[in-house]
Amino acid sequence: MKRILLALTVIAIGGAAAFGIGRRGTYTDVTAEEGYQERLQVAELGEELTACACEEMRRSLPESPVIAKVEITGGYEPLFGAGRQKAKVLTVYAGEGLTEGQEVYVCSEFWTVSLYGEPDSLERNFVNIMRTGTEYLVFGEGLLEDLSDDLPAIALCQDGFIAPVFAYEDFPHVILPVGEEHTYVPYSGVKDNEFFPASQEALGLWQGLKADMLAAYP
């Protein structure tokens, strides 16, 4: 009986491997397709959670090990379990080893593309992909020396659930209605936002935090 079970197991594994090899050419990398983000959904954040997050960030962000003004020079790059964007450092407010004019990545393990849940989503900690050519204030917990590249990377602070990055300009915001089960909405409808709020009240709270941070680090 044991030999029969072993033989059946080997046959099953071999068959699965053969099927996988045969189908390998049909697999696609969704993130390599142009405009793939607009087919995904993104979560909006409600007023109560926004209030808690902003209060905590207002207290903790000034204590961040890395605080810098950067210009975004590259688009969003999804990695395995993380995401990053290339940037040029303009001003260093805090951060040992960081210099003005230096090329870096800004990265977060919360910036991911999720294709295994329902719905397929762009996970961004409620802040949109940073715009190329735009200046941002970023708060990091440290500087990574190697992230599969020859450039160092600012690892964003992860104490809260809103990404600690703020554009030095304002963008119009669209707020889409959410359902009862979750707060995911089509990314295509909010793709020009900086923040993803579920209400005007939540947007106002985040904008107040942003104004305070930009005033402290002009």
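A residue counts as buried when its relative accessible area is under 20%, as exposed when that area is over 50%, and as partly exposed in between (1.4 Å probe, protein chains only). By that definition, buried residues make up 41% of the 218 residues in the protein chain. The model is predicted, and local features need pLDDT of at least 70, side-chain atom pairs count only at pLDDT 80 or more, and totals for chains, interfaces and linings use all residues. Residues are numbered from 1 along each chain as its sequence is written, and side-chain values use heavy atoms, with hydrogens and water left out.

**Overall make-up**

- The protein chain has four helices and 11 strands, where helices (H or I, at least four residues) and strands (E, at least two) are DSSP runs numbered from the N terminus.
- Among contacts in the protein chain with a separation of 6 or more, 68% are between residues 24 or more positions apart, contact meaning heavy atoms within 4.5 Å.

**Helices α2 and α4**

- The axes of helix α2 (residues 47–60) and helix α4 (residues 200–216) come within 8 Å and cross at roughly 10 degrees; axes are lines fitted to C-alpha atoms, for helices over the stretch in contact, and angles run from 0 to 180 degrees between N-to-C directions.
- The crossing angle therefore makes α2 roughly parallel to α4, a label for angles under 35 degrees, with those over 145 roughly antiparallel, 65 to 115 roughly perpendicular and the rest oblique.
- Residues making this contact include Cys54 and Met57 of α2 and Trp206 and Met213 of α4.

**Arg131 and Glu135**

- Arg131, found in the loop between β7 (121–123) and β8 (135–144), counts as partly exposed because its relative accessibility is 31%.
- Arg131 touches Ile72, Tyr136, Phe171 and Asp192, not counting residues up to four places away in sequence.
- Glu135 is found in strand β8 and, with a relative accessible area of 30%, is partly exposed.
- Not counting residues up to four places away in sequence, Glu135 touches Lys69, Val70, Glu71, Leu90, Phe166, Ala167 and Tyr168.
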